[in-house]
Amino acid sequence: MAFLGLIPGGRLAFSLALNLDMPSWYAPVALTLGVLGVAAVAAGFFAIHRHRLPLYLFTAATLLLLTNLTLVYAAF
């Protein structure tokens, strides 16, 4: 799953570096989804001794990643 995260991150970095035309809402939304996803993964590893919490956190991180991937293809 980590390699899939390179798609929205790379697209955002590429667009910002080359000043490509992108929707004004894309950069803040992509960054917010990425940060929330990384925080959910980190929290999932920190909550490893809880019964179902890591499962919920990793599921949330996966859904955030899939949302970010969908935005990449919908916005461009």
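Questions and answers on this predicted model follow.

Reply: In this predicted model, local features need pLDDT of at least 70 and side-chain atom pairs count only at pLDDT 80 or more, while totals for chains, interfaces and linings use all residues. Residues are numbered from 1 along each chain as its sequence is written, and side-chain values use heavy atoms, with hydrogens and water left out.

Me: How are the axes of α1 and α3 oriented to each other?
Reply: Helices are DSSP runs (H or I, at least four residues), numbered from the N terminus. Axes are lines fitted to C-alpha atoms over the stretch in contact, with angles from 0 to 180 degrees between N-to-C directions. Those of α1 (residues 6-17) and α3 (residues 53-75) come within 9 Å and cross at roughly 45°. Angles under 35 degrees count as roughly parallel, over 145 as roughly antiparallel, 65 to 115 as roughly perpendicular and the rest as oblique, so α1 and α3 are oblique.

Me: Which residues of α3 does α1 meet?
Reply: Contact means heavy atoms within 4.5 Å. From α1, Ile-7, Pro-8 and Arg-11 take part, and they meet Asn-68, Leu-69, Val-72 and Tyr-73 in α3.

Me: Is Ser-15 buried or exposed?
Reply: Ser-15 lies in helix α1. Leaving aside neighbours within four places in sequence, Ser-15 is in contact with Leu-20, Met-22 and Phe-76. Its relative accessibility is 1%, so Ser-15 counts as buried.

Me: Which residues does Ala-40 touch, not counting residues up to four places away in sequence?
Reply: Ala-40 lies in helix α2 and is buried, with a relative accessible area of 9%. Beyond those sequence neighbours, Ala-40 touches Leu-57 and Ala-61.

Me: What is the phi of Asn-19?
Reply: Asn-19 sits in the loop between α1 and α2 and counts as exposed at 68% relative accessibility. Most residues other than glycine have a negative phi. Asn-19 has a positive value, near 55°.

Conventions: Helices (H or I, at least four residues) and strands (E, at least two) are DSSP runs, numbered from the N terminus. Buried means under 20% relative accessible area, exposed over 50%, partly exposed in between (1.4 Å probe, protein chains only).
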